Amino acid sequence: MKDFLLIYRSNPSPVTTASPEEMQALAKKWMDWVGSIAAQNKLTDRGNRLNPEAKVVRPNDVVTDGPYMEIKEAIAGYSIVKTETLDEAVEIAKGCPVFLVGGSVEVRQIDVM
């Protein structure tokens, strides 16, 4: 089994304009989806949401604010799943609730160094 990183990207606007009821319903969909992965014993790390405030560090000690709001999709969070193949990890990602807010999921194998 290999570990795969699911990187959730979304535009933060739809979530911030949702009503409390809509936010609760979306949170339940996330919990149910993650729970179903765990029930299959394929969840390595449920991950977390990421705070939008950040800094970007570049060569020569250049530090800038980021990410920038003009970016259409920002990295919103991540999880790690354990599957045999990339295609199997992609199948898991297809059920992600981030699609309900116009987001996407990037699936990357984690190579152990």
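This is a predicted model: local features need pLDDT of at least 70, side-chain atom pairs count only at pLDDT 80 or more; totals for chains, interfaces and linings use all residues.
Visitor: What box do the C-alpha atoms of the protein fill?

Guide: Taken along the principal axes, that box is roughly 45 × 45 × 20 Å. The accessible surface of the protein amounts to about 7,900 Å², and carbon and sulfur atoms account for 56% of that surface.

Visitor: What percentage of the residues in the protein is buried?

Guide: A residue is called buried when its relative accessible area is under 20%. Of the 113 residues in the protein, 24% are buried.

Visitor: How many positive and negative side chains does the protein have?

Guide: There are 13 positive and 16 negative side chains. The centres of these two sets lie 2 Å apart.

Visitor: Let us turn to the aromatic rings. How many aromatic pairs are counted?

Guide: Two rings are taken as a pair if their centres lie within 6.5 Å. By that rule, the count is 3 aromatic pairs. One of them joins tyrosine 8 and tryptophan 30, with 4.9 Å from centre to centre and 80 degrees between the planes. Planes over 60 degrees apart count as edge-to-face, and this pair is therefore edge-to-face.

Visitor: Which elements hold tyrosine 8 and tryptophan 30?

Guide: Tyrosine 8 belongs to strand S1 (residues 2–10), and tryptophan 30 belongs to helix H2 (residues 20–39). The two are 22 residues apart, and the pair thus links distant parts of the chain.

Visitor: Is each of these two residues buried or partly exposed?

Guide: Tyrosine 8 has a relative accessible area of 5% and is buried. Tryptophan 30, with a relative accessible area of 23%, is partly exposed.

Visitor: What is the geometry of the aromatic pair of tyrosine 8 and tryptophan 33?

Guide: This pair is also edge-to-face, with centres 6.1 Å apart and 70 degrees between the planes. Because tyrosine 8 lies in strand S1 and tryptophan 33 in helix H2, the pair ties together parts that are 25 residues apart in sequence. Both tyrosine 8 and tryptophan 33 are buried.

Visitor: Which residues form one aromatic cluster?

Guide: Tyr8, Trp30 and Trp33 together form one aromatic cluster.

Key
Residues are numbered from 1 along each chain as its sequence is written. Side-chain values use heavy atoms; hydrogens and water are left out. Buried means under 20% relative accessible area, exposed over 50%, partly exposed in between (1.4 Å probe, protein chains only). Accessible areas come from the Shrake-Rupley method with a 1.4 Å probe; for residues, only the protein chains shown count as cover. Lys and Arg count as positive and Asp and Glu as negative; His and the chain ends are not counted. The place of a charge is taken as NZ of Lys, CZ of Arg, CG of Asp or CD of Glu. Rings of Phe, Tyr and Trp (its six-membered ring) pair if their centres lie within 6.5 Å; planes under 30 degrees apart count as stacked, over 60 as edge-to-face and the rest as tilted. Helices (H or I, at least four residues) and strands (E, at least two) are DSSP runs, numbered from the N terminus.
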